[in-house]
Amino acid sequence: AHAVADVFIPHLVVGHHDPDAGESVMPLLAHKQAIAGVPALHVCRDHSCQRPTSDPGEVASLILATTS
């Protein structure tokens, strides 16, 4: 969560969900899963998502790649 907050992008929408609470009812988060039980970041733009990552070091580059 901190890695996402470190990158400012105007109009960026961030959603999060606790998988222990069951399947999310938010369409933005539907079918997004953890990676081997580790929370994962799914970066999407225009209904197309990049590969998910659980590496905080990749967060900024994945988010910034969607702005170009």
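**Confidence, fold and disulfide of the predicted chain**

Among the elements of the chain, helix α1 (residues 2-5) has the lowest mean pLDDT, 74, whereas strand β2 (residues 48-49) has the highest, 86; pLDDT is the predictor's confidence in each residue, from 0 to 100. The model is a predicted one, in which local features need pLDDT of at least 70 and side-chain atom pairs count only at pLDDT 80 or more, while totals for chains, interfaces and linings use all residues. Residues are numbered from 1 along each chain as its sequence is written, and side-chain values use heavy atoms, with hydrogens and water left out. For the chain, the mean pLDDT is 82, and 97% of the residues reach 70 or more.

Two helices and two strands are present, in the order α-β-β-α from the N terminus; helices (H or I, at least four residues) and strands (E, at least two) are DSSP runs, numbered from the N terminus. The C-alpha trace spans about 35 × 25 × 20 Å along its principal axes. Buried residues (under 20% relative accessible area, with exposed over 50% and partly exposed in between; 1.4 Å probe, protein chains only) make up 18% of the 68 residues.

By the criterion of a pair of cysteine sulfur atoms within 2.5 Å, the chain holds one disulfide, formed by Cys-44 and Cys-49 with their sulfur atoms 1.9 Å apart. The torsion about the S-S bond of Cys-44 and Cys-49 is about 95°, and the disulfide is therefore right-handed. Cys-44 counts as partly exposed because its relative accessibility is 35%, and Cys-49, with a relative accessible area of 40%, is likewise partly exposed.
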